[in-house]
Amino acid sequence: MSYRKLLLSDIHSLSRRSESVWTWGTRKFSSTRSNGNRHYKLVIIGGGSGGCSISAKFAKTMGSKSIAVIEPSDVHYYQPMWTLVGGGMKSLADSGRPMSSVLPSNIDWVKDKATEIKPSKQTVVIGTGSSKQEIQYDYLVIAVGIQLQYEKIKGLPEAFNSAGVCSNYSSLYVNKTLQALKDFKKGNAVFTFPNTPVKCAGAPQKILYIADQYLRKNGKRDNAKLIYNTSLGVLFGVKHYADSLWNVVKSRDISVNLRRNLVEVIAKDKAAIFEDLDNPGKFETVPYEMLHVTPPMGAYDLIKSNSEDIPDAAGFVDVNKGTLQHVRHPNVFAIGDCANLPTAKTAAAVAAENGVLFRNLTNFMNGKEPEFIYDGYTSCPLVTGYEKCILAEFDYNGQPLETFPIDQSKERRSMFLMKKDVMPEIYWKLMLKGNWNGPGTFRKLFAPFKKT
Ligand SMILES: Cc1cc2nc3c(=O)[nH]c(=O)nc-3n(C[C@H](O)[C@H](O)[C@H](O)COP(=O)(O)OP(=O)(O)OC[C@H]3O[C@@H](n4cnc5c(N)ncnc54)[C@H](O)[C@@H]3O)c2cc1C
């Protein structure tokens with residue numbers, strides 16, 4: 001077992017043992033007020049892609065110990081790698097690093113869950129009951145991501161205890177995907193897309209194409225029917241890429257059913273029940289040998305149930321879609337999946353949001369109005385197997401915003417290598433260190449070579 005695997009398995013067992021114990025991170029608080037509460041100039045809730053990368057930017061410009069990141073997890077995962085983990089191209093350990101190693105060294109890591117946000121008092125509450133504490137902020141960045149809701153499907157998550165049911169969306173179930181492919185003998189391999197917002201809307205079908213190639217390589221494809229049941233009315237939201245994906249689907253003999261929503265899994269019968277969203281109340285039972293579930297997702301209660309006007313009607317943080325500043329609380333900003341930005345929720349979007357948020361919040365701290373505008377840039381490397389990828393990049397208007405001077409809607413090996421080998425390096429070495437705002441500069445450099 002490699003050093004990193006050992007380290008991560010230790011971390012996992014450690015965090016399981018201490019789940020109920022309320023602890024602070026390894027770093028000490030900078031300032032304690034007379035009432036026992038702590039105060040920071042900048043508080044960031046969440047240490048995922050958004051929280052970690054934005055804390056790195058501010059850690060370079062703000063005084064030591066001016067920043068607190070509230071984050072309960074011991075491990076930071078590069079979730080985009082889970083598509084490759086499910087297909088056996090990377091391991092789960094490859095996708096994780098200890099949280100302490102990715103957060104900047106000169107900030108305070110508050111290793112706990114935020115339980116309440118009170119903009120009227122400029123405080124974030126951590127802990128519950130008698131262990132409740134308040135942390136005061138001058139400025140707040142919310143970066144808690146989006147919540148997985150497997151429990152909203154009847155029979156889940158219990159069905160994950162049975163063979164063949166898997167999901168690349170969770171560190172708990174992603175290893176079951178490769179196992180389901182290895183165990184596959186004969187029958188339906190079913191892949192789902194829920195009737196909610198999701199992070200990385202391409203991931204539910206990336207694993208479909210990987211599974212197709214896995215089964216072909218291993219001589220099992222003739223015994224398999226591949227079914228993609230999606231709640232959406234389209235295969236992909238941007239036509240430029242959807243057209244190419246329809247070609248992939250047709251050439252690989254994959255059945256696609258639009259407007260089908262998974263509502264129940266009956267593990268003992270190996271049956272998945274879907275509602276036809278165009279005929280509410282009409283259900284279809286699909287037997288499966290393998291079932292890959294993309295769970296329903298939604299805003300966390302921390303945001304959704306906030307009583308001080310943090311959420312919009314759908315429960316996400318209500319920010320200006322250009323500046324990322326909260327529309328009612330000017331000293332509050334949000335980044336990433338928790339924000340109500342009308343773009344695809346991805347780490348690539350977080351990278352582009354990062355530069356805008358950093359400059360706007362810095363301006364605001366200096367008494368100026370936020371003026372930098374996020375254009376909705378997002379990207380989805382649509383892996384179509386073990387060798388190829390369509391690199392979708394687009395903006396708020398669903399218009400392609402491509403980096404390279406080639407037709408990115410085509411399946412390409414170069415884009416696959418970019419996804420598998422280059423993007424993780426950019427993530428760990430540049431983005432989490434606060435040095436990557438997305439590929440905008442390269443797009444400008446390559447623009448003269450782009451054929452229109
Ligand atoms: C299978 C899969 C494939 C993907 N593929 C891609 C891809 O190819 N390209 C791409 O760009 N993106 C991809 N993504 C999406 C990408 O991982 C997310 O969009 C990105 O991580 C969002 O960053 P975030 O900071 O908003 O949320 P996260 O990175 O999820 O971080 C949120 C953090 O907030 C913490 N938190 C939650 N609640 C609280 C609380 N109450 N108090 C304190 N902390 C809290 C969590 O512990 C977590 O660490 C993929 C995701 C998955 C699951």
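Author: Contact here means heavy atoms within 4.5 Å, and helices (H or I, at least four residues) and strands (E, at least two) are DSSP runs, numbered from the N terminus. This is a predicted model, in which local features need pLDDT of at least 70 and side-chain atom pairs count only at pLDDT 80 or more, whereas totals for chains, interfaces and linings use all residues. Residues are numbered from 1 along each chain as its sequence is written, and side-chain values use heavy atoms, with hydrogens and water left out.

Two packed helices are described by the angle between their axes and the distance between the axes. For helix α2 (residues 49–61) and α9, the angle is about 35 degrees and the axes lie 9 Å apart; axes are lines fitted to C-alpha atoms, for helices over the stretch in contact, and angles run from 0 to 180 degrees between N-to-C directions. The crossing of α2 past α9 is right-handed, a crossing being left-handed if the near helix is turned anticlockwise from the far one by less than a right angle, and right-handed if clockwise. On the α2 side, the residues that meet α9 are S49, G50, S53, I54, K57, F58 and T61, and their counterparts in α9 are A347, V350, N354, G355, L357, F358, L361, T362 and M365.

Not counting residues up to four places away in sequence, F58 touches L42, I67, L357, F358, L361, T362 and M365. In the largest nonpolar core, which has 71 residues, F58 and I142 touch the most other members. A nonpolar core is a set of buried Ala, Val, Leu, Ile, Met, Phe, Trp, Tyr and Cys residues joined through side-chain atoms within 4.5 Å, where buried means under 20% relative accessible area, exposed over 50% and partly exposed in between (1.4 Å probe, protein chains only). Helix α9 (residues 347–365) gives the most to this core, with nine residues. A second, separate core of 69 residues includes L178, A189, F193 and L382. In soluble globular proteins, nonpolar side chains tend to be buried together.

Over residues 40–161 the chain is 18% helix and 33% strand, with the end C-alpha atoms 44 Å apart.
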